[in-house]
Amino acid sequence: MTSVKTFAWLTLLFPLAGCIVNALGYRVLRGKLPGYVGTGVLFASFVSAVLMLFALQDLGEEERHVRAVAWDYMSTVGFDGELALLIDPLSTFMTVTITGVSALIHLYSVAYMGGDRGYARFFSYLNFFVFSMLLLILAGNFLFLIVGWAFVGAASYLLISFWFRRDTATAAGIKAFVINVLGDVGLVLGTFFIFKGTGTLDYLATFEKAGEIAQGDVTAGCILLLVGAFAKSAQIPLHTWLADAMEGPTPVSALIHAATMVTAGVYLIARMWPLFEQSSSAAAVGAIVGCLTLFVSATIGLVVTDLKRIIAYSTMSQIGYMIMAVSSGAYVAGIFHFYTHAFFKALLFMAAGSVIAAMAGVQDIDKMRGFRGAMPFTFGCFVVGGLSLAGVPPFAGFFSKDEVLAYVADRGDWHVALVVVGYVTAFITALYTFRLIFRVFFGEPSPEARELEEGHLHHADVPRNPVTGDEEDTDVGFPGPEHHIAEREGPMKVAMGLLALAAIVAGWLQIPNVTHALEEFLHPTFAESRYFEELHPSDGLTFGGMAIGALAAIGGIALAYLIWMRRPEIAVRMRERFRPLHTLFVNKWYADEALDRLFVRPAQWFGRFAQQTFERIVVDGLFVGGPAGLVRAGSAAVRSRQSGFLRAYAALMLLGLAGVVLWLLLSS
Amino acid sequence: MSIAWYLAVSALIFAIGAGGVMVKRNPLVILLCLELMLNAANLALIAFSRMHGTDDGQVFALIVMVVAACEVTVGLGIIVAMYRRRVPVDVDELRELQG
């Protein structure tokens with residue numbers, strides 16, 4: 001018991017220590033040292049998390065809910081804010097995955113960010129990010145969940161705006177932060193509703209009393225928690241920040257989109273299952289929104305041409321699967337998909353980062369071609385990640401995605417419709433993933449690829465913003481002049497190689513009718529869940545689903561091959577024929593515009609009204625102008641009496657004095 | 001001798017001073033008239049002191065003299081400065097502080 005607690009605290013505190021060391025020691029730590037400090041603490045944290053997992057397994061199944069309380073943070077009548085961690089199979093599993101993938105991303109960054117002048121700052125932020133995420137995952141009560149939740153939002157702001165010379169990056173950071181704060185508000189208000197019914201902030205105590213909360217409160221609370229989850233996990237309608245977040249350095253994209261941050265919403269719903277099972281309507285909202293997001297973002301991924309944004313939309317889509325799963329009661333499947341997704345998505349981002357480096361910062365796939373020969377390692381990693389994302393057997397994504405869909409299908413009723421959308425999207429996923437691969441890696445090599453084949457890494461003459469094309473300031477807070485590709489950098493190669501391996505084998509943790517390792521491991525967390533007990537897809541459903549999934553994936557790849565390799569004119573013709581649809585997708589279903597019309601503009605209009613009408617007329621006119629006018633008018637009247645004639649004043653004084661004396665004499 | 005005479009003289013001097021302050025335009029003369037008024041007050045104070053047989057009034061008179069001395073110092077200083085700066089020495093001309 002104690003060893004579990006010790007390892008939990010160590011896991012949490014290693015990244016914090018790394019953050020502080022890098023933040024304070026940036027003058028002392030020379031060269032690549034900050035990178036190795038940052039990576040070292042993450043590996044230490046990972047080892048500690050694995051030890052925590054083993055220590056937890058040593059406990060009896062009933063005891064695997066360890067609360068580690070450091071101290072009472074605030075304890076008063078009816079309020080129990082403790083600095084407490086909850087270590088159970090769910091949080092442990094998330095912690096191990098997060099620290100593992102984050103450690104590899106740190107390792108990758110050691111080389112990838114090598115030329116950046118904000119090297120120590122970068123690793124300090126990165127460590128802080130992981131610390132925040134671990135706090136979110138390991139928190140044992142709502143109070144520290146909210147703290148971790150807000151920290152993650154702040155850290156994402158710092159990292160997305162890391163290249164602060166770019167206006168687009170700072171704008172994206174602000175956007176992410178504002179939307180995340182919206183989610184924070186939802187989370188806090190949701191917590192109030194839950195707290196109202198239970199009178200405790202502690203998870204375990206809350207879950208025990210979940211049935212006692214009034215139906216209205218639990219539904220309102222869960223919907224508000226979902227708002228928080230949607231904002232963090234980039235689900236419709238709070239998803240617009242995620243694509244813009246691609247302005248950050250590529251390792252940041254990998255970190256935010258693979259294992260951390262965006263999966264916080266998935267974790268939240270899975271963690272709060274006793275509440276969501278009390279409120280089927282809130283759970284339905286989650287499932288439908290997840291389903292909507294997975295489809296919509298896949299269609300956008302099909303048409304955008306920014307390398308990183310395509311992967312970002314695929315992340316949204318995959319998170320949609322997870323949200324749909326955990327909201328439908330398929331908790332293990334959702335967590336399983338989170339786990340495989342962490343590997344292949346981090347891998348895809350790293351490979352994309354390598355390609356972008358070879359392009360000297362350019363992210364537009366229209367300008368990329370034929371990198372296969374120049375970057376064989378990156379190509380291999382990209383294909384492995386792509387196959388896993390597309391869900392081709394026996395890669396990791398295949399098992400997890402099909403488990404999600406099989407379990408959701410087992411819910412029956414309208415959930416079947418969600419599953420149909422899920423399979424259609426699986427097809428689209430394969431299509432856009434291999435569109436990316438065929439366009440970037442195959443065909444006639446582009447000038448940059450040619451240059452690389454001749455042994456020289458392309459460098460831009462003038463640094464330009466990849467989004468706007470404007471020339472850029474090259475001071476601190478701007479990607480350095482050097483670029484690093486996986487083929488030439490050991491740390492990047494190691495990180496990508498390990499992730500590629502994981503992207504192949506990670507799915508074998510849970511193969512239907514062969515092994516149920518994850519389900520057994522997570523059993524203590526979900527033991528009392530209705531759906532965990534009830535949902536057991538039949539063999540027909542499972543293997544039928546797998547067959548459909550595999551066919552959808554292979555069909556998608558085949559179609560992608562046909563369209564983008566064999567007959568490129570099809571793509572052009574399709575674009576012409578379905579012009580309105582294409583426009584809709586390219587403009588991201590006008591989500592930005594819709595949010596702009598619905599919220600931003602009314603807010604701006606209200607601001608203008610407040611400033612120009614209310615403030616000018618009511619505040620300036622009435623409250624400030626009224627008394628000021630009175631004083632001014634009064635003083636004007638008095639001022640005209642001030643003639644400046646000294647003798648007149650003297651006469652008045654004497655007159656007044658005489659009056660006073662006269663009055664005194666008369667009254668005595 | 002009745003105190004009324006002293007007070008009558010005092011009132012007369014005070015009235016002369018006050019009239020001078022109101023009528024005269026030269027600051028030097030106004031200053032002189034002010035002195036007259038102060039000394040009229042001193043006379044009244046001392047008269048009352050004699051009447052009551054206490055020294056309080058005389059102490060007051062001494063203090064008034066000190067104040068008068070200070071006032072003259074400052075006042076004359078200002079008047080001299082006005083001469084030096086060639087400002088017209090006429091209180092009717094000095095009305096920049098009008099509203």
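In which loop of chain A does Arg641(A) lie? The legends below begin with that residue. The model is predicted: local features need pLDDT of at least 70, side-chain atom pairs count only at pLDDT 80 or more, and totals for chains, interfaces and linings use all residues. Residues are numbered from 1 along each chain as its sequence is written, while chains are lettered from A and ligands numbered from 1 in the order in which they are written.

**View 1. The loop that holds Arg641(A).** Arg641(A) lies between α26 (591-639) and α27 (646-667) of chain A; helices are DSSP runs of H or I with at least four residues, strands are runs of E with at least two, and both are numbered from the N terminus. Arg641(A) has 10 other C-beta atoms within 10 Å and is therefore exposed (20 or more such atoms make a residue buried, 12 or fewer exposed, and numbers in between partly exposed, with C-beta atoms placed from the backbone). Its C-alpha atom is separated by 67 Å from that of Leu159(A), 482 residues apart along the chain.

**View 2. Leu347(A) in the largest nonpolar core.** A nonpolar core is a set of buried Ala, Val, Leu, Ile, Met, Phe, Trp, Tyr and Cys residues joined through C-beta atoms within 7 Å. Of the 218 residues in the largest core, Ala346(A) and Leu347(A) touch the most other members. Helix α15 (residues 331-358) of chain A gives the most to this core, with 21 residues. Leaving aside residues up to four places away in sequence, the contacts of Leu347(A) include Cys381(A), Val384(A), Met496(A) and Ala503(A) (contact requires C-beta atoms, placed from the backbone, within 7 Å).

**View 3. The packing of α17(A) and α23(A).** Helix α17 (residues 396-410) and helix α23 (residues 539-566) of chain A pack at an angle of about 130°, with their axes 9 Å apart. The contact is made by residues including Phe398(A), Leu405(A) and Ala409(A) of α17(A), and Leu541(A), Gly545(A) and Gly549(A) of α23(A).

**View 4. The helices of chain B.** Chain B contains three helices and zero strands. Its radius of gyration is 17 Å, well over the 13 Å that the globule rule gives for 99 residues, so chain B is more spread out than a compact globule (the radius is taken over C-alpha atoms, and the rule is 2.2 Å times the number of residues to the power 0.38). The C-alpha atoms fill a box of roughly 50 × 25 × 25 Å along the principal axes. Buried residues make up 12% of the 99 residues in chain B.

Note on methods:
Two residues are in contact if their C-beta atoms, placed from the backbone, lie within 7 Å. Axes are lines fitted to C-alpha atoms, for helices over the stretch in contact, and angles run from 0 to 180 degrees between N-to-C directions.
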